[in-house]
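Here is a short briefing on selected backbone features. Keep the structure open while you read.

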Amino acid sequence: MNARRGSRDLLNAGCGILFLFGLAFGTGWRTQTSAARKGAYPLRVAYFPNLTHAPALVGVAKGFFQKDLPDYDVSTRVVNAGPEAMEALLAGEVDVAYVGPSPATNTFLKTNGQSLTIVAGACSGGASLVARADLPISSVRDLDGHSVAVPQLGGTQDVSCRHFLLQSGLESKEHGGTVSIIPAKNPDILTLFRRKQIDAAWVPEPWASRLRSETGAKTVVDERSLWPNRRFTTTVVVVRRAFADAHPDAVQAFVSSHERTVSWIQGHPAEAQSTVNGELKRLTGKLLGNLVLKEAWGKLDFTTDPNLTSIQALASAAYQAGYLKAAPGTLPGLVDTRALLALKGGK
């Protein structure tokens, strides 16, 4: 893809970035069981070390997933961004993934609906455009002539960035515009800000709050302000379609466990924040400061509602950004809420 090639050239030539962290946790599996049980079927779950994936972090830390799926050996894999998770899913290495709606939808469309289905929502909100405090950037329009980092090309923040650039009359450089869009892992974006090698970033929490706290960056746009009713889907739960077809009971059990986890987060906000922070420390080596954690948490809404309207809007944005060859339409078959509806019917 030209966009990917162009941004990589910009990254290598303009930034000279050093991947100091390595993120070794992104390639390994962690089992929630002390030893695999004889005859138990594996269920592999992928997620990000972000606050927007708090239901996954809590489900792992509290052991909810394994307790609620006793007939399965649940193992987990941490990835940096959505496209990485989708590559693992397509390779048959992941059965369930917490991921942004844009890479999930793109993968669904590119495989003619054969690869995955969205079975629940997980998080709404929790993404922002932030900029260096020493630059005159106070709106999306002010990104003209500047560079903006995103966690990965094709990810939800990348699509949102390109969509709102277009709405402001701007384009990325690889499409003939004036804005350099630079893909970099979230910890490396922090390094780029400290070195003043990037001007702005469109990132999820807790990275937006960390950029403000640790580099003095300023919030340009809380993305909620750009969406109807301040609601936009940040994270969904997807299931590999072949796994769903072969193990419908496991899908139902996982969705039930996910719903339980979201309800627990809603009912125990202080303990949930502490639990999530402990998992972030385990995965990234660093605890969030209490003020950063509280600030970031206030921008999130944890919900099992996938918000199909928001997903469709992001799919249209992905088409406008050039990630889809054809307009996505109404996306029949992308979202399957039967497992969620079964839970509501049982209450």
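Val150 sits opposite Pro183, a residue of strand S8. The model is predicted.

**Strands S7 and S8**
- Strand S7 covers residues 147-150 and pairs with S8 in the parallel sense.
- Four bridges join S7 and S8.
- Strand S8 spans residues 180-183. Ser180 and Ile182 point one way from S8, while Ile181 and Pro183 point the other way.
- All four of these S8 residues are buried.

**A cis peptide bond**
- Most peptide bonds are trans.
- The bond from Glu205 to Pro206 is cis, and its omega is near 10°.
- Pro206 lies in the loop between strand S9 (200-204) and helix H8 (207-215).

- Most residues other than glycine have a negative phi.
- Arg230 is not a glycine, yet its phi is positive, at about 60°.
- The loop between strand S10 (218-222) and strand S11 (233-240) holds Arg230.
- Arg230 has a relative accessible area of 43%, so it counts as partly exposed.
- Leu331 also is not a glycine and has a positive phi, near 60°.
- Leu331 belongs to the loop between helix H13 (308-320) and helix H14 (338-345).
- Leu331 counts as buried because its relative accessible area is 4%, and the cut-off for buried is under 20%.

Key
Residues are numbered from 1 along each chain as its sequence is written. This is a predicted model: local features need pLDDT of at least 70, side-chain atom pairs count only at pLDDT 80 or more; totals for chains, interfaces and linings use all residues. Side-chain values use heavy atoms; hydrogens and water are left out. Buried means under 20% relative accessible area, exposed over 50%, partly exposed in between (1.4 Å probe, protein chains only). Helices (H or I, at least four residues) and strands (E, at least two) are DSSP runs, numbered from the N terminus. Two strands pair if DSSP finds at least two bridges between them.
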